[in-house]
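Dear colleague,

Please find below the structure that I am handing over to you. My findings follow directly after it.

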Amino acid sequence: MSAPATINIGLCGFGTVGQGVWKHLSANRADLESRLGVKLHLSRAAVRDLRKARAVKIPAAKLCSDPLAVATDPSIHIVCELMGGTTLARKVTLAALRAGKIVVSANKALICEHGAEIFAAAQKHGGHFFFEASVAGGIPIIKALREGLVANRFPRIYGILNGTCNYILTQMEERDAPYASVLAEAKRLGYAEADESLDVDGWDTAHKACVLAWLAHGVWVKTDQMIVEGISRLTPDDFKNASVLGFGIKLLAVITRDFARNELCVRVHPTLLPAGNVIANVSGVFNAISVTGDVVGTTLYSGRGAGQDATASAVISDIADGAALLTYCKGTHLISEATPPESQRCRLAPAESIRSRYYLRLTVKDQPGVLARVASVMAKHRVSIASVIQNPAEHADAASLVLTTHESNERAMCTTLQQLAALPSTLDEPLLLRIGDFND
Ligand code: NAP
Ligand code: HSE
């Protein structure tokens, strides 16, 4: 079959990301066409509510309310799934792939839940699935892992993968701003998911960590196999305590592989990072990822991790890959589509293998013997205390105790935490944060 003279593009979803793609593809079409040597045509877009006012203008005749019709329209070559969610998005994606089309997706939740099925469908039916926008917004981290770093195995990947959370944490730290008002700002700026708990409870970061872990290690690690903790229990005082101790706090995804033991660990949690660490200083909606390869050493990537323009940049790069594929290599697969080798013998690291130093905040009765009882619970589990800070607490006759530990492990800390929470002198649920001793 000959290559089409014009590549027709259909969008399923015309919200923050969809409108960004339409706007920038329309504005830069001539340049893109000249680079690619093929015409690009924005055919149509599907939305839920045809009457909604939209900042980016689109002819009414090009809007419809049936994403499946766009996905299966025989004249459309590239289908961009930009709706979010996992039910209709899965149907639309599979329908387009079964028709042998190219699908471009920004939907990390979909890939995390149904990635194996989606890649199998693409392979079986001759379709193609591109997903650069699904992780870290405008940073080309998928291409970096699949192409630029193809020579490497990856003992460690860690970083900030959620723009909304980094925006909130930065504002809390720098302006002492209340959590709720900063979250509302992040929503207004188009950073947050339709269901904001995906952002603040760590699930969006976990979905992205799942995608990166698959690319790096060929294993689908589901969110219920990870430690996933969000940012909603952090207070401005935690930033002050961390700063006194020489740290900043970031919500991180951490993917580590111990090749000698063949253990993989994927976790998402707020982390204390040394104040001098580059990623500790990445603020606002920016994401940053440190990738350590066994051949290249450590490489670092930073850029806007959410928002209309950054995400459109990544979607359009996938559209360009799709257009090039259709024009020059129809019937083949790009290097960037190669499935990562499956790590057959790799197992998930057990809790005692996950080692770290810890930060522990407890609100306790301000009475004689309380600190001794806390220390005795920790000693029972061989958790060694490195430092103690005592601050006044909001409750009368109470104190806020902040302890840091020497290196321990998740199993010991989990039991310690349960027993500390059960002490009669403990007044609130304790907060446990990991300390990331990452220097690069
Ligand atoms: P959004 O602003 O909520 O837009 C979603 C779009 O999908 C809207 O146009 C909506 O229609 C349409 N839609 C939803 N359900 C539909 C249905 N049942 N039938 C037809 N149309 C439907 O979301 P977004 O922020 O653009 O995000 C889209 C995807 O990109 C998500 O997977 C998200 O995780 C991902 N992503 C977002 C960002 C970001 O910064 N926003 C960054 C990276 C990745 P109406 O307009 O009529 O409501
Ligand atoms: N809600 C996501 C974030 C969008 O804030 O990072 C980008 O994936």
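The model is predicted. The domain assignment divides the chain into three parts: domain 1 comprises residues 6–137 together with 308–343, domain 2 covers 157–304, and domain 3 covers 351–434. Taken over C-alpha atoms, the centres of domain 1 and domain 3 are 49 Å apart.

Turning to the sheet, six strands form an open arrangement in the order E3-E2-E1-E4-E5-E6, and their pairing is parallel. The edge positions belong to strand E3 (63–64) and strand E6 (128–130); each has a single partner strand, so one side of each is left without a neighbour in the sheet. For E3, strand E2 (residues 39–46) runs parallel and is joined to E3 by two bridges. Within this pairing, Ala-46 has Cys-64 in E3 as its bridge partner.

Is Gln-19 buried or exposed? Its relative accessibility is 9%, and because the cut-off for a buried residue is under 20%, Gln-19 counts as buried. Leaving aside residues up to four places away in sequence, Gln-19 touches Phe-14, Arg-54, Ala-55, Val-56 and Gln-308.

With kind regards

Definitions and conventions:
Residues numbered from 1 in each chain as written. Chains lettered and ligands numbered in written order. Predicted model: local features only at pLDDT ≥ 70, side-chain atom pairs only at ≥ 80, totals over all residues. Heavy atoms only, no water. Domains from an automatic or database assignment. Pairing = 2+ DSSP bridges. Helix = DSSP H or I, 4+ residues; strand = E, 2+ residues; numbered from the N terminus. Buried < 20%, exposed > 50% of the residue type's maximum accessible area, 1.4 Å probe, protein only. Contact = heavy atoms within 4.5 Å.
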